[in-house]
Amino acid sequence: MTMPNVNMLNSLAIRKALAEADPKSQELLNPQGPTPLSSSTSKHMFEGTADKMDQAMGLPPLDAELLGTIVCQHRISRIKHGCMGNSTVVGIRFPNLLSCLSIEKELAVLADGDVQKELILFCATREEQETRSFKVAGGTKKPSGEMEKGNANVGCDLRKQEEVMEVTGLGLSNKKDENFGEWYSEVVLKGELIEYHPISGCYVLRPWTMSIWNAMKKFFDAEIEKLGIVDAKFPLFVNSDDLRREKDHIDGFAPEVAWVTKTGKSDLEVPIAIRPTSETVMYPYFSKWVREHHDLPLKLNQWCNVVRWEFSNPTPFIRSREFDWQEGHTAFATKEEADADVEEILELYRRIYEEYLAVPVIKGKKSELEKFSGGLYTTTVEAFIPNTGRGIQGATSHSLGQNFAKVFNINFQNEKGEKAMVWQNSWAFSTRTIGVMVMVHGDDKGLVLPPKVASAQVIVVPVPYKDADSREIFHACTSTVNTLKKAGIRVLADFRDYSPGWKYSHWEMKGVPLRIEIGPKDLRNGQVRVVCRDNSAKIDVPVANLVEQVNQLLATIQQRLFEVAKQKRDACTQIVTTWDEFIEALGQRKLILAPWCDEKEVEKVVKARTRNEMGACKTLCSPFEQPKLPEGTLCFASGKIAKKWTYWGRRC
Ligand code: 87F
């Protein structure tokens, strides 16, 4: 017997079932009136067959009235109908979750997003052996203000799709090259990195994120300990007088500071700021603790969250109103020591990006316009996102000079017995690192995690076959997990009652670097099949060499991710020497390297002249590694003598 067209059949069968149960529901599903039912969808066609299948699968009988039978994904299902408050309820028995997807989409379309016409689908699956419910209309709305421009945000529709796809493992609905912003939103949500929160710009960081963050934290903690930097914890709140003490510092940032103005029903006499950064929280204590040269250097680090009330489009990890970071604050007796600290920390940031996240960065110095206004100079690691053609500041290490020391009276008696002011630095990297990593490596199947930061480096999936002994396969999986664990490899096995294909998609979405599949043939041959997440390469590995080969493959993936990302970035880099070349390269979304006179006013002019719908072009940094600048080379923008090569681009 040939199966009728699945989509058409779903629609017709639902209409028929609902019409029979409740004439009003026909209106709901088809405002134009009833749809004639083709003979192939006759209610009686499959009668009895579904019950037999249920029995064979050991499913309990459905206790609602049987209204119809449909064919979905070549499987036989049963449809039931009822009411729940304002909602129309459709109960469908499916043998598996996959078969539920097409019908659910159909219902979503018919319900047309109208909450009054909310449809709830109940689906008993073979995998779950229980009823699941999906809202196919209405759904949880994202906080307002996160839907604009359809860029890095997810709306109701996406949320709805997500509910469907999460259980079906069918993957992403946006492609990285076609719809980058939406692709990113989907990946961070479905990769189980974040969850949305009702307050716009705030996100739940899920365990999958925190393990990435903790891998970086572990590295950084060990390195700063070697440098004699110690941890401290300062309060979340800033006294408003302290916040305003360093005027240069706070002026430009004031609109982003969040204030506590009330407790319960009473207004606070003096509002309290929530830390956007901790200079003004910490430095009154620096002033107290530093008395003479033996108290120096003072080198503190704190891991904490900060709040900056951003007004531009919030994007998970990249631009959020609350984020986690480490902030380091150091004070020295001499400028030389302070300069060395700025450099040492910047090198650690480079290593986090390049060695852990496999993201190439450029180390350099910020222009006067782009530096932290409260400091002397700012150094940075700059990343680039080829898909958007935008640069992104990865982490910064600032020389504060003596600006804050003056304002907060951080003085000491030097070796000669004279009064002197300290030299200070501050530096930070934040959870933005994770967003950059996702943007650089993710693909159309989801996250791609570098092995060094992946919570699970290997996922083991049993692939049982009908006639084969599944117990033996499960046993081989467990022993694979134990062997790898013993060798210090982070490994999980997925023994859930889903199909292997579903599990593949699920763990690909979550970006696990290696998948090990074990089926009957592998058992017979004393091997396992290893699949690389980044390039889909498949390798049969003898069980005897497992640990060695897995370690090797993880190292290869780590390296390959970096190399591929670097090649892509380099392919987007354009050297220009004239204004016309500059504008052309900007239009092509390039990372631009140009000879520059290093004048603040000239940067302002370039920014103004490139301000269009894509956003103004800024300096990203002047790289420490400077290409040769032949004498007499002119600035691409002003025509004056160029002082240095500088990277320019639009910013994320
Ligand atoms: C927003 C509101 C208030 C950035 C802000 O980069 C103040 C600020 O001071 C602010 N946004 N900044 C600059 C932060 C400088 C700095 N502080 C410690 C760092 C690294 C670590």
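Author: **The ligand site and its surroundings**

Phe-323 lies in strand β13, where strands (E, at least two residues) and helices (H or I, at least four residues) are DSSP runs numbered from the N terminus. The model is a predicted one, in which local features need pLDDT of at least 70 and side-chain atom pairs count only at pLDDT 80 or more, while totals for chains, interfaces and linings use all residues. Residues are numbered from 1 along each chain as its sequence is written, and side-chain values use heavy atoms, with hydrogens and water left out.

Phe-323 is buried because its relative accessible area is 14%; buried stands for under 20%, exposed for over 50%, and partly exposed for what lies in between, with a 1.4 Å probe and protein chains only. Although 15 residues separate Phe-323 from Arg-308 in sequence, their C-alpha atoms are 8.5 Å apart in space.

An N or O atom in the side chain of His-398 is 2.7 Å from a ligand oxygen. Of the 470 Å² that the ligand exposes when taken alone, the protein buries 94%, with areas from the Shrake-Rupley method and a 1.4 Å probe. Pairs of this kind are polar contacts, that is, N or O atoms within 3.5 Å; within protein, one atom must be able to donate a hydrogen and the other to accept it, and residues adjacent in sequence count only if both atoms are side-chain atoms.

The ligand sits in the largest pocket, which is to say that more than half of its atoms lie within 2 Å of the grid points. A pocket here is an open set of points on a 1 Å grid over the protein atoms alone, with protein on both sides within 12 Å along at least five of seven lines.

Helix α9 can be followed through Ile-250, which is placed in that helix.

The next stop is strand β12 (residues 298-307), which contains Asn-301. Asn-301 counts as buried because its relative accessibility is 0%, and its side chain makes a polar contact of 2.8 Å with the side chain of Gln-326. Pro-297 is in the loop between α10 (279-289) and β12, and the peptide bond that joins Leu-296 to Pro-297 is cis, with omega near -5°.

Asn-409, in the loop between α12 (403-408) and β17 (411-413), has a positive phi of about 55° although it is not a glycine, and it counts as partly exposed because its relative accessibility is 46%. Gln-457, found in the loop between α13 (432-441) and β20 (458-462), is buried because its relative accessible area is 10%, and its side chain reaches the backbone oxygen of Pro-451 at 3.1 Å.

Ser-536 is placed in the loop between β23 (527-532) and β24 (538-542), where it has a positive phi of about 65° without being a glycine; at 32% relative accessibility, Ser-536 counts as partly exposed. Asn-535 is found in the loop between β23 and β24 and is partly exposed, with a relative accessible area of 37%. A polar atom of the Asn-535 side chain lies 3.0 Å from the backbone nitrogen of Ala-537, while the C-alpha atoms of Asn-535 and Pro-513, 22 residues apart along the chain, are separated by 9.9 Å.

Technical notes
On a 1 Å grid over the protein atoms alone, a cavity is a set of points where a 1.4 Å probe fits but cannot get out, and a pocket is an open set with protein on both sides within 12 Å along at least five of seven lines; lining residues have an atom within 4 Å of a point.
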